[in-house]
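Here is a short briefing on one protein model. Look it over, then read the points below.

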Amino acid sequence: MSLKFFHKFSFDEIKNLENNKSLKKIKNYKNIKSFKKIICLILIINNLVFLYGCQNNRQSEIDDFSKKYDVLEEEQLIVYTSHKKEVYLPIITEFENRTGIMVEIHAGGTAEMMQAAINASENGQCDIMFGGGIESYEASKDSFLPYRTNESMSLDSVYTSSEGQWTAFTELPIVFIYNKKLVTSTSSPKKWSDLFDKKWQGKLAFADLYNSGTSYTIISTMEQVLGESYKTLIPRLYEQVGDNMLLSSGDIIPKVSDGSCLIGITLEETALKYIDQGYDIEMNYPADGTTAVPDGIAMLKNAPHSYNVGKFIDFVVSYDTQKYAMDTFYRRPVRTDLELNPDFEEAKMINFDVEKSASEEAEAFALWSEIKASSSDKKKED
């Protein structure tokens, strides 16, 4: 767009005009101030037209670029994930390189992403939920479409969906950790009941239920090991954690390592990774039993790229990906044809009731929210 008919006045030119006696000869203007207002108006119009032209040119360039590199519908996939970037990015990148399918990624916390994926699927804008414990998938199974992976014969039958609504990704034992400089091995917690000792009150690292899918798995595991209802367990746990409630499960090990907390509950893969990095923590497997509840992956209803969903699920449970997850992320594979790394010790596993955990999830979250609100009100009063 040509702007030649506009003269761009600088602020110096306007100042000079004010002192120019010839302005007195200008008709229809009673004084300099009126003329300056018109000059300013011209400047504003000039700039607006200029910006409008630039905006149109830029938008045209963006549209042309998008058309040139447009990705075909059959080569797309939309993934919602609660995994950390260090986990999902290399897996998705390798999938893209091998298949030519381009993946749109939405990432966040488990509860947040699970709900977001379900909401998006109502408009056909989500293909896959990737990450979060399988009990969360079981609780929302009506939102998923069944899919039986081609790799199913090589997967651990202990953790499989009876209706094929979800597929396990990796098995994740729950462990205790403690600060190795401030807590002795002898005094460190060995059983679930040890966590409620008075000496650990306010010193137990635990993440808010709404920000960590692992936290609910921990509560369900504790409930089933101790034989206690979540209705009494959750209030006891909340009180034991106290003001040290963490915003993310990723904060648990750093807080224990720096002494802000003395003990914590986390996943084996997370503990092993940080121990290898030199953090001041040690790890105990619960002597009275633990769980290795896997995180999952599932296809949403109304998935716009359902054919590619199958390809992605097959890929994440393939031999190569499972071995990569074990060697790189310290995660136990769900494949039975992979030999475990020596880093993984034997642990007493309970027979975890996934359906029970799933059926209680909504009420457990509601109770947690109620206690959290009550705790917040008390702090305001104080």
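Predicted model: local features only at pLDDT ≥ 70, side-chain atom pairs only at ≥ 80, totals over all residues.

Residues are numbered from 1 along each chain as its sequence is written, and side-chain values use heavy atoms, leaving out hydrogens and water.

**Helix H7**
- Tyr230, Leu233, Ile234, Leu237, Tyr238, Gln240 and Val241 are buried (under 20% relative accessible area, 1.4 Å probe, protein chains only).
- Seen down the axis, the buried residues of H7 fall within an arc of 160 degrees, so they line one face; the arc is that of the directions from the helix axis to the C-beta atoms.
- Lys231 and Glu239, on the other side of H7, are exposed (over 50%).
- Glycine 242 follows H7, with a positive phi near 65 degrees.

**Threonine 221**
- Threonine 221 sits in helix H6 (residues 213-226).
- Its relative accessibility is 0%, so threonine 221 counts as buried.
- Its side chain makes a polar contact of 2.7 Å with that of threonine 291 (N or O atoms within 3.5 Å, one able to donate a hydrogen and the other to accept it; residues adjacent in sequence count only if both atoms are side-chain atoms).

**Confidence**
- The protein averages a pLDDT of 84 (the predictor's confidence in each residue, from 0 to 100).
- 80% of the residues score at least 70.

Definitions and conventions. Helix = DSSP H or I, 4+ residues; strand = E, 2+ residues; numbered from the N terminus.
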